[in-house]
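Dear colleague,

Please find below the structure that I am handing over to you.

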Amino acid sequence: MTTLNRQATPQDPDHLKGLHDDLQEVWGNPRGIRALTIVNHTTVGLRFMVTGMVFFLIGGILAMLIRTQIAMPDQNFMNPDIYNQVTTMHGTVMMFLFAIPMLEGLAIYMIPKMIGGRDLVCPRLSALGYFCYLFGGTILTFSIVLEMAPNSGWFMYTPLSSSEYSPGLGSDFWLLGITFVEISAVSAGVELVVSILRTRTQGMALHKMPIFAWYILAMALMIVVGFPPLILGSILLELERAVGMPFFDVAGGGDPLLWQHLFWLFGHPEVYIIFLPAAGVVSTLIPVFAGRPLVGYGWVVFAITVMGFISFGLWVHHMFTVGIPQLAQAFFSAASMLVAIPTAIQVFVWLATLWVGKPRFELPMLWIVGFLVIFVCGGLTGVMLALVPFNWQVHDTHFVVAHMHYVLVGGMLFPLMAGLYYWLPLFSGRMPSETIGKWGFWLVFIGFNVTFLIMHWTGLLGMPRRIYTYDTGMGWDIFNLISSIGGFVMSAGFAVVVIDLLLHFRYGKPAKENPWRADTLEWANSLPPSPYNFVSLPKIETRHPLWDDPDLPRTIREGKHRLAVASHGRRELWGSDPLTGKLREVIHLPGNSWWPFCAALALAVVCVSLLIRWYPLAGIAVIVAGVFLLRWSWENGAHPRAAPDARVQEGDPPLHSRTLDGPGLWTMTTTMIANGAFFLSFLFGWFYLWTVSPEWSMPDTSPLSLFAMLAVGLLFAVGCTAMETCVHRLRQRNDLGLRLRLLVAALLGAVASMVLLWLILSADLAITETAHDAVLMVGLVYALFHVSLAALLSLLQALRVGYGYVSAEAPFEPVVVAYFWRYSVLMLWVLVGALAILPRVIGG
């Protein structure tokens, strides 16, 4: 390997070759069975996208089965149960297994390359997320083969999805599989938030980063906040089906509308989670093909931010017909129309950029133009549906189906295809075929509009969605036939696109450097890129680095910038200030590992065991997964495998594991935001049932011992104080007695866990009879998990002190654990107030 302080120069080609070899040795991907250990973002991102495309093809086949069934009246191509399974799985596959994972995969692949990084900040977390997605999606789609797929609609409304009306395993496949997939999505969301904020290359201030990174940052934050409500809802519904806890059963004090609230708290933000990265592709490509910077960069950032906030206030937009108060209808109707403003800002910015530039209508721009036409039409029907009286008339008809496809397919799929064709040379080093690509576009564009434009009309004529068949003479016959023909034309177009992509990797014309004359940093890579992206990490102080310095790719390759060394055996990138881009630390990343695959496989066993009701095996698999995850966390910080050499080059900042504010702290904080969204959703459910459920009953005497609850809270608070003392002393570079203090915190947490466990076992909770007791049980188990985990993490930290992995020289890890303690103690006292004190004060 090259020596640590040796600098690469153009006059020293042997050294430059040695530097590339060193980087390849440290960052390279293994082959064969060991390919399952790869954590590199390029490979993981490609895996997400390829798997997403497979699920897209499955969803497309299901769509054609639907169109075949309703192409003509009185069809018997499928029986009613199979048809309901197909319609449910089409929506589920497209929304959960294609759209979000595909966009997250694109973000995982592109973001480090755009912001001047070599990888994402938690690469093993990305790998875990992919395997959770793969296993969860496989489990869910396998239900089709077994003819046991869910049949209650992709939104799984209760009570239709409850045991009484869906007695088979179909709903369980959906609930367990989707929960698995959602964990993957949240993992990727956390990863992307921290990576964008903390790993931009030197000088790339927040207001100078690529506009695509802004869109992905907003998307990732929305995932972190928006997906936990659905995870909670899925857990509650599965508990109701498997154990009989009546969260959504009116007779037991539950309410089926609680499911709708939890689902759409996720579901409506998801529309914008899907739209934002696609719009980011549009905002990235239009300046390139217009040959000038984006008009109104600041306005677009403002629109992204406003859209992200407003989207969380629109969930009742989907519930106008369930009987909510008129004041609430008016509020959510106004909010639904208000969100059109930030959308319009972006559309006008795109049009202005094209107007003042000199557009080149190459293949990617063709898909962009198709997007503009279709999405604007979908937006107009969205404003129509925001009007409550009109919504009442067309709710649950084909009009809504057509609107949804115009917004989601037009707003996501067309920009995604533009982005894939645009970045195809980066993936493969070859250029796309203009001729075949245009054939694919026109078939898709024409087929899409023939299919879904007609469906607006059938909806206005009163055709409900999700019907198995219909009688002749309803006036829908010819329109459904035309829509079905259009669907097959669109499918032919996608078949052409797939063939084009497959042929491309073998017969495509080799791409030259920066083939589209782009401005962003990903085109400074080799084509295709190496596992480490950049030989050296440049200082970037402009939004358009390749336009302002066309020679940048060469100087990066020749190692003329910083971090051009790999002799220490570490995978390194910059840790920068989230606002200014100034350097803070050198982040060293973990390498390839079996732990993400093994942990995901153990969780898949948990999922399958719960599905078939083998609860002992599920419990064993949970323990095994926990062991894998804890063993994974052991190779961290100052562990020799994480940082075999702690030295840095002269003038470089210290390693992040030797500081008190590394990326792990930001990762923990972002994870606790997701955790907090889950907890707030739980509190929402508690108070919603308390105040709304018609059969809710509160016992005269609380089954929870107030004394025991207060004892748990006080014990845990004292343990948190012990952790804070450890952190305070480490900040002063004092590790005297550190191990003892960590053991004290662990002991107090363990005692609090035992008291809480005793409270759960001794409380006379009728969890299968009343929603009140069922909610109490979920809250107590949630608290027990956090209290026990905090104690365990402190114990591991005490062990690491003994091994020399945690000390005044490596103080980082206790700071991260202390953040978990802070969240847990706050959560615990909120639970004490909500579950034990408040019912005693105000009663039922």
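Lys438 is partly exposed, with 35% relative accessible area; this term lies between buried, under 20%, and exposed, over 50% (1.4 Å probe, protein chains only). Its salt-bridge partner is Glu434, with 3.9 Å between the closest N and O atoms. A salt bridge here means a side-chain nitrogen of Lys or Arg within 4 Å of a carboxyl oxygen of Asp or Glu. Glu434 is likewise partly exposed, at 28%. Lys438 and Glu434 are about one helical turn apart, because they lie four residues from each other in helix α15. Helices (H or I, at least four residues) and strands (E, at least two) are DSSP runs numbered from the N terminus.

The model is predicted: local features need pLDDT of at least 70 and side-chain atom pairs pLDDT 80 or more, while totals for chains, interfaces and linings use all residues. Residues are numbered from 1 along each chain as its sequence is written, and side-chain values use heavy atoms, without hydrogens and water.

By the salt-bridge rule, the count is 23. One of these joins Arg466 to Asp396 at 3.0 Å, N to O. This pair links distant parts of the chain, 70 residues apart: Arg466 sits in the loop between α15 (434-460) and α16 (477-507), and Asp396 in the loop between α13 (388-394) and α14 (398-428). Arg466 is partly exposed at 35%, and Asp396 is partly exposed at 28%.

Glu541 and Lys539 also form a salt bridge, at 3.5 Å from N to O. Glu541 is partly exposed at 48%, as is Lys539 at 49%.

Yours sincerely
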